[in-house]
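Please read it alongside the sequence and the coordinates.

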Amino acid sequence: MVLQEAAPTARPAARPAQRLSGQPYTLPEDAVEWVEALADLRRDVANPRIYPFREQVARACERAALALRAGSPEPGPPEWLRT
């Protein structure tokens, strides 16, 4: 009996993140845009696309606020791995 090794699986090419609309995802580019984005989030918390994830979003915002007040980024794994 001859055992065959499984062929290594190729990782798919990284593709840019996209919004639900299909448009490319971009981050705010300066402090004014961040403030506007957070104000939009605050006004839109009941949106069905956001509401189920409100606790995760709130924790991420709290950690960002702590890092902003401390003047340094929080050490550790990327945000998306912590929730």
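Ala37 is partly exposed, since its relative accessible area is 31%, where buried means under 20%, exposed over 50% and partly exposed in between, with a 1.4 Å probe and protein chains only. Ala37 belongs to helix α1, helices being DSSP runs of H or I with at least four residues, and strands runs of E with at least two, numbered from the N terminus.

The model is predicted, and local features need pLDDT of at least 70, side-chain atom pairs count only at pLDDT 80 or more, while totals for chains, interfaces and linings use all residues. Residues are numbered from 1 along each chain as its sequence is written, and side-chain values use heavy atoms, with hydrogens and water left out.

Leu27 sits in the segment before α1 (31-43) and is partly exposed at a relative accessible area of 48%. Together with Tyr25, Trp34 and Leu38, Leu27 forms a nonpolar surface patch with about 420 Å² of accessible area. Patches consist of residues with over 30% relative accessible area and no salt bridge, like charges being joined within 9 Å and nonpolar side chains (Val, Leu, Ile, Met, Phe, Trp, Tyr) within 5 Å; the areas come from the Shrake-Rupley method with a 1.4 Å probe, and for residues only the protein chains shown count as cover.

Asp30 lies in the segment before α1.

The count of salt bridges comes to one, a salt bridge being a side-chain nitrogen of Lys or Arg within 4 Å of a carboxyl oxygen of Asp or Glu. Asp40 pairs with Arg43 in a salt bridge whose closest N and O atoms are 2.3 Å apart; both residues lie in helix α1, three residues apart, or about one turn of the helix.

| Residue | Relative accessible area | Class |
|---|---|---|
| Asp30 | 39% | partly exposed |
| Asp40 | 43% | partly exposed |
| Arg43 | 60% | exposed |

The mean pLDDT of the protein is 80, and 67% of its residues reach 70 or more, pLDDT being the predictor's confidence in each residue, from 0 to 100. Confidence is highest in α1, at a mean of 93, and lowest in helix α3 (residues 79-82), at 57. Where pLDDT is low, the predicted coordinates should not be read in detail.
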